[in-house]
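Morning, everyone. Let me put the model up, and then we'll walk through it.

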Amino acid sequence: MNDERSEQHINLDAFNDHGEARASLTWDEYFILIALFTSLRSKDPRSKVGAVLVNREKHIVGTGYNGFVREADENFFNWRSDGEWLQTKYPYVVHAEQNAILNATTSELADCSIYTTLFPCNECARIIAQKRIKDVIYLSGKHMELDSRKATQVIFEASGVKCRQMALPPFETLAQSVVKNLFP
Ligand SMILES: [Zn+2]
């Protein structure tokens, strides 16, 4: 086991080389893992996204995942991603980042960070920048080739929103680490 960490990769080894000290998660690791677990609440069979809003004191002030409007009759919608636009999920789904912002415990989100499992689309990017959220930390860069993601980069650059990608360890490492902590 080694005790090295980098900004990019999460090292969840629970013990140091002597089997003594326990490592703990960094804040980045902690919040991105919460975003990942939050994504599991989504009913979208193809794309589950989670987001966590964190203030300067490292307190979580909002979480969200992609889903249809709260308390709406879901029989009106479906999760189709191809076909005629009105028959797909796209016009109806509230994105994870939007839900995190809309459900936040405070409307003052300036200088907050948002941890999200997927690089934000331009619609979410506009809202993130408008709320003066200062940092975006994301896991997956899927769909980066789309114009909507290029627009996101323009919005972030123009409004000074900092954006960086994180990587997760293989899930075996994650699971082993959890088990090691539970049953040392
Ligand atoms: Zn979005």
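Which residues does leucine 53 touch, not counting residues up to four places away in sequence? They are Ile60, Val61, Gly62, Ala100, Ile101, Ala104, Leu109, Cys112 and Ile114. Touching, or contact, means that the C-beta atoms, placed from the backbone, lie within 7 Å.

Some ground rules. This is a predicted model: local features need pLDDT of at least 70, side-chain atom pairs count only at pLDDT 80 or more, and totals for chains, interfaces and linings use all residues. Numbering runs from 1 along each chain as its sequence is written.

Now the core. Leu53 belongs to the largest nonpolar core, which has 30 residues. Such a core is a set of buried Ala, Val, Leu, Ile, Met, Phe, Trp, Tyr and Cys residues joined through C-beta atoms within 7 Å. Buried means 20 or more other C-beta atoms within 10 Å of the residue's own; exposed means 12 or fewer; partly exposed is in between. Ala51, Val52, Leu53, Ile114, Tyr115 and Ile128 touch the most other members. Two or more residues each come from α1, β1, α2, β3, α3 (122–130) and β4. Helices (H or I, at least four residues) and strands (E, at least two) are DSSP runs, numbered from the N terminus.

Next, helix α1, residues 27–39. Its buried residues are Phe31, Ile32, Ala35, Thr38 and Ser39. What do they pack against? The partners are β1 (50–54), β2 (60–65), α2 (96–102), β3 (113–118) and β4 (135–140).

On to strand β4, where we find aspartate 135. Aspartate 135 is partly exposed, because 15 other C-beta atoms lie within 10 Å. Leaving aside neighbours within four places in sequence, aspartate 135 contacts Ser113 and Lys162. Its C-alpha is 6.3 Å from that of isoleucine 114, 21 residues apart along the chain.

Last, some backbone angles. Most residues other than glycine have a negative phi. Arginine 132, in the loop between α3 and β4, has a positive phi near 60 degrees. Histidine 143, in the loop between β4 and α4, has a positive phi of about 75 degrees. Histidine 143 counts as partly exposed, because it has 13 C-beta neighbours inside 10 Å.

Methods: Contact = placed C-beta atoms within 7 Å.
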